[in-house]
Amino acid sequence: MTATPDTVRLDLGPRSYDILVGDGVLADSGERIAAITRGRAPIVVTDANVGPLHLDTLNAAMVGAGIAPSPAITLPAGEKTKDFGHFQALMDGILGRGIERSTVLLALGGGVIGDITGFAAASALRGIDFIQVPTTLLSQVDSSVGGKTGINSPHGKNLIGAFHQPRLVIADTATLDTLPRREVLAGYAEVVKYGLIRLPGFFAWLEENGHRVVDGDSAARRHAVTVSCRAKADIVGVDERESGDRALLNLGHTFGHALEAATGFGQTLLHGEGVAIGMVMAFDLSVRLGLCPAEDARRARAHLAAVGLPVRAADVAGVEWDVDGLLRSMAKDKKVLDGRITFILAEGIGKAFTRRDVDADAVRAVLADSVTPA
Ligand SMILES: NC(=O)c1ccc[n+]([C@@H]2O[C@H](COP(=O)([O-])OP(=O)(O)OC[C@H]3O[C@@H](n4cnc5c(N)ncnc54)[C@H](O)[C@@H]3O)[C@@H](O)[C@H]2O)c1
Ligand SMILES: [Zn+2]
């Protein structure tokens with residue numbers, strides 16, 4: 001356990017906030033929580049997996065700061081929880097406690113809990129404060145930072161939501177010790193993403209140390225989460241609403257989402273696994289278009305494969321891929337503008353950029369290659 005966390009500041013004027021990163025920071029965070037809740041209990045929202053593992057630590061921290069915790073609201077674990085039915089139940093649970101504008105919500109869990117709780121905070125009384133306590137690697141390095149909140153619709157993922165920034169993020173890397181390895185790896189894909197987008201030195205560090213991050217080395221995890229949060233905070237700080245640079249964070253995601261959609265957004269292919277394959281496709285596409293040296297694409301693919309992530313669609317067991325279906329799905333992505341798909345491409349490792357006019361034949365070739373066993 002470390003007493004002093006790394007602190008990453010996300011600068012957004014009056015909506016600025018700190019992201020605390022470290023091994024054991026949750027246990028020491030009572031005073032920081034109390035400062036936001038004015039000494040009152042936040043309404044804690046968690047899921048059925050995370051509550052039994054980490055709620056006691058949170059409650060003990062609050063008690064240590066003079067807060068008398070109230071019972072948590074526990075939602076079922078998993079992506080299906082991010083729907084209207086559970087959102088309604090959550091809102092009823094929150095409003096049923098007789099809340100005021102000063103009531104604070106606290107999301108204890110992965111991206112599912114963070115997204116739905118953030119959206120509840122954005123919606124309740126037209127907006128109340130909330131705190132993120134992310135407990136998956138994906139949520140620590142990505143979803144808890146930046147203020148995108150929301151739920152899914154039968155029409156697609158994350159189509160209903162709001163920008164609503166948290167007041168504080170507490171990323172305790174010790175909580176990752178209970179996370180299944182497959183989930184750790186899925187989150188690790190988003191860590192690699194920051195290196196591939198704009199931090200070539202960090203990518204080189206990951207090539208050396210990535211296995212430590214995955215295997216649970218506490219110092220390596222702290223470094224990886226801190227650098228990732230700083231990278232995301234820097235991007236969101238200049239482009240909160242995704243009119244420019246924030247789109248770079250979608251590297252691999254247009255391809256990845258199509259793969260996820262084809263497999264039903266479930267356990268067949270986790271989001272981060274889709275992103276890993278998608279980032280390899282984005283680099284492959286960049287090479288085919290003559291924009292990126294083949295060696296950089298090789299390094300990206302080699303590193304992702306070395307830690308155990310899938311790097312081609314054909315790596316996903318038991319799926320019959322349909323290239324035309326994937327292309328149609330990509331054309332329906334949220335990132336489509338005026339009917340044209342925005343691709344995130346790269347001139348090399350750490351040099352990502354957006355491009356809207358991409359040769360459809362090249363995209364088809366990349367997909368066809370990925371679905372074909374190596
Ligand atoms: N808001 C954003 O900017 C943003 C960005 C990326 C992803 N997302 C969203 O995040 C969601 C995915 O998040 P996720 O990968 O964290 O999924 P998740 O919240 O479903 O968590 C994955 C699984 O791990 C379990 N779990 C969580 N913490 C644990 C722990 N410490 N120990 C043991 N088990 C634990 C959960 O119960 C769940 O079963 C998606 O809905 C995605 O749309 C949002
Ligand atoms: Zn992602």
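Biologist: Why is Ser228 called buried?

Modeller: In this predicted model, Ser228 has a relative accessible area of 0%. Buried means under 20%, so Ser228 is buried.

Biologist: Where is Ser228 found, and what is Ser228 in contact with beyond its neighbours within four places in sequence?

Modeller: Ser228 sits in helix H8, residues 218–238. Leaving aside those neighbours, Ser228 is in contact with Val141, Val191, Tyr194 and Phe202. Contact here stands for heavy atoms within 4.5 Å.

Biologist: Thanks! Now for Pro14: what makes this residue count as buried or exposed?

Modeller: The relative accessible area of Pro14 is 85%. Exposed means over 50%, so Pro14 is exposed. Pro14 belongs to the loop between strand E1 (6–10) and strand E2 (17–22).

Biologist: How many residues separate Pro14 and Asp177 in sequence, and what is the distance in space?

Modeller: They are 163 residues apart in sequence, and their C-alpha atoms are 35 Å apart.

Biologist: Let us turn to the metal. How do you know which residues coordinate the zinc ion (ligand 2)?

Modeller: Donors are N, O and S atoms within 2.8 Å of the metal. Glu190 (OE), His253 (NE2) and His271 (NE2) coordinate the zinc ion (ligand 2) at 2.0 to 2.1 Å, so these residues meet that cut-off. Water is not among the atoms, so sites may look incomplete.

Biologist: What spacing do the donors of the zinc ion (ligand 2) follow along the chain?

Modeller: The pattern is E-x62-H-x17-H. The histidine pair links distant parts of the chain: His253 is in helix H9 (residues 253–262) and His271 in helix H10 (residues 271–288), 18 residues apart.

Biologist: And why is His253 described as buried?

Modeller: Its relative accessible area is 7%. With buried set at under 20%, His253 is therefore buried.

Biologist: Stepping back, how many helices and strands does the protein have?

Modeller: There are 13 helices and 11 strands. The radius of gyration is 20 Å, close to the 21 Å that the globule rule gives for 374 residues, so the protein is as compact as a globular protein of that length. Its C-alpha atoms fill a box of roughly 60 × 40 × 40 Å along the principal axes.

Biologist: What share of the residues count as buried?

Modeller: Of the 374 residues, 56% count as buried. Among contacts between residues at least 6 apart in sequence, 75% join residues at least 24 apart.

Notes: Residues numbered from 1 in each chain as written. Chains lettered and ligands numbered in written order. Predicted model: local features only at pLDDT ≥ 70, side-chain atom pairs only at ≥ 80, totals over all residues. Heavy atoms only, no water. Donors = N, O, S within 2.8 Å, 3.2 Å for Na, K, Ca; no water. Helix = DSSP H or I, 4+ residues; strand = E, 2+ residues; numbered from the N terminus. Buried < 20%, exposed > 50% of the residue type's maximum accessible area, 1.4 Å probe, protein only. Rg over C-alpha atoms; globule rule 2.2 N^0.38 Å.
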